[in-house]
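User: Please take me through this model, and spell out the cut-offs as you go.

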Amino acid sequence: MAKKLKSSSSGDIERHLRVQDESPDGPVDRGLVLGGAAGEEIQCQLSNMSGMLTKVVADLEDLAVIRRSVTAIEIKFSELVTRVVDAEKRIEYLEFSERALSTNPPVTKRDLEKIFERLEDLENRRRRNNLGIIGVPEHEEGRDMVKFLDELFPSLLDITGHKLELERAHRVPARRSGEGDRPRPILARFLRSSDKDLVLRQARSKGRLTWKNHNIFLFPDFSNSTREKQHPFNHVLILPLASASVLPK
């Protein structure tokens with residue numbers, strides 16, 4: 001803009017001088033037209049105005065940069081305020097949870113251990129009438145497993161004068177790939193735990209049990225956690241297979 005003003009003023013002066021030179025009365029002294037030092041002063045003022053306008057334009061550009069920077073700062077500040085509000089909400093929730101836990105504390109690790117011990121005891125009590133049988137070939141039981149065991153136990157263990165009562169019996173569910181696979185164990189449930197104990201005592205007293213040239217082994221039924229606890233002692237509890245018929249499970 002300053003350049004436009006400067007060029008416009010200079011052009012007007014030059015046109016004025018050119019008109020004076022071309023007048024019918026002959027050329028006019030330019031010093032008279034510009035007034036001597038007055039012309040130089042005008043040129044100096046025009047130059048100063050141009051410099052001032054240039055500075056104003058530069059200042060306006062700096063203001064635009066500052067405005068963009070301020071806008072970016074405002075956006076960042078707004079995001080920071082949002083994050084602070086979220087943090088305050090989370091802290092408030094944690095404080096509320098801490099107060100709730102202090103008034104109603106949760107169970108301790110020892111309490112959980114006691115609960116699991118009781119559950120394990122209940123599970124073992126529920127299984128105390130169960131007895132596992134290993135070694136009976138597949139399909140020997142026919143369609144009635146209970147009837148088959150009613151005949152097997154007295155003949156296998158020489159039990160006379162006592163009627164064993166079974167509630168139910170079945171093979172443990174397991175996938176077999178072929179006829180050559182090991183037969184699935186049988187799980188029998190007696191009506192009374194005393195009958196199961198009698199069977200185990202007779203098996204221990206007889207030692208090795210065989211039926212149709214097959215070795216038969218019996219084992220009490222315990223929960224998984226109890227079997228895991230017994231596992232490190234199996235090498236002590238299990239007798240040589242040639243003379244043992246009762247296995248820890």
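Analyst: Strand E1 is largely enclosed by the rest of the structure, because four of its five residues are buried. Buried means under 20% relative accessible area, with exposed over 50% and partly exposed in between, using a 1.4 Å probe and protein chains only. Strands (E, at least two residues) and helices (H or I, at least four) are DSSP runs numbered from the N terminus.

User: What should I know about the model itself?

Analyst: It is a predicted model, in which local features need pLDDT of at least 70 and side-chain atom pairs count only at pLDDT 80 or more, whereas totals for chains, interfaces and linings use all residues. Residues are numbered from 1 along each chain as its sequence is written, and side-chain values use heavy atoms, with hydrogens and water left out.

User: How many bridges hold E4 to E5?

Analyst: Three bridges join E4 to strand E5 (residues 214-220), and the pairing is antiparallel. Trp 211 stands opposite His 214 in E5.

User: Back to E1: is Asn 130 buried or exposed?

Analyst: Asn 130, which is found in strand E1, is buried, with a relative accessible area of 9%. Its side chain makes a polar contact with the side chain of Asp 221 at 3.1 Å. A polar contact is a pair of N or O atoms within 3.5 Å; within protein, one must be able to donate a hydrogen and the other to accept it, and residues adjacent in sequence count only if both atoms are side-chain atoms.

User: What else is Asn 130 in contact with?

Analyst: Leaving aside neighbours within four places in sequence, Asn 130 is in contact (heavy atoms within 4.5 Å) with Leu 187, Ala 188, Arg 189, Lys 196, Pro 220 and Asp 221.

User: Let's switch to the helices. What does H6 pack against?

Analyst: The buried residues of H6 pack against E1, H5, E3, E4 and E5; in H6, those buried are Asp 195, Lys 196, Leu 198, Val 199, Leu 200 and Ala 203. The 14 residues of helix H6 (residues 193-206) should span 20 Å at 1.5 Å a residue, and its end C-alpha atoms are 20 Å apart, which agrees. That expected span is 1.5 Å times one less than the number of residues. Just after H6, Gly 207 takes a positive phi of about 80°.

User: Finally, how many helices and strands does the protein chain have?

Analyst: The protein chain has eight helices and five strands, and buried residues make up 23% of its 249 residues.

Note on methods. Pairing = 2+ DSSP bridges.
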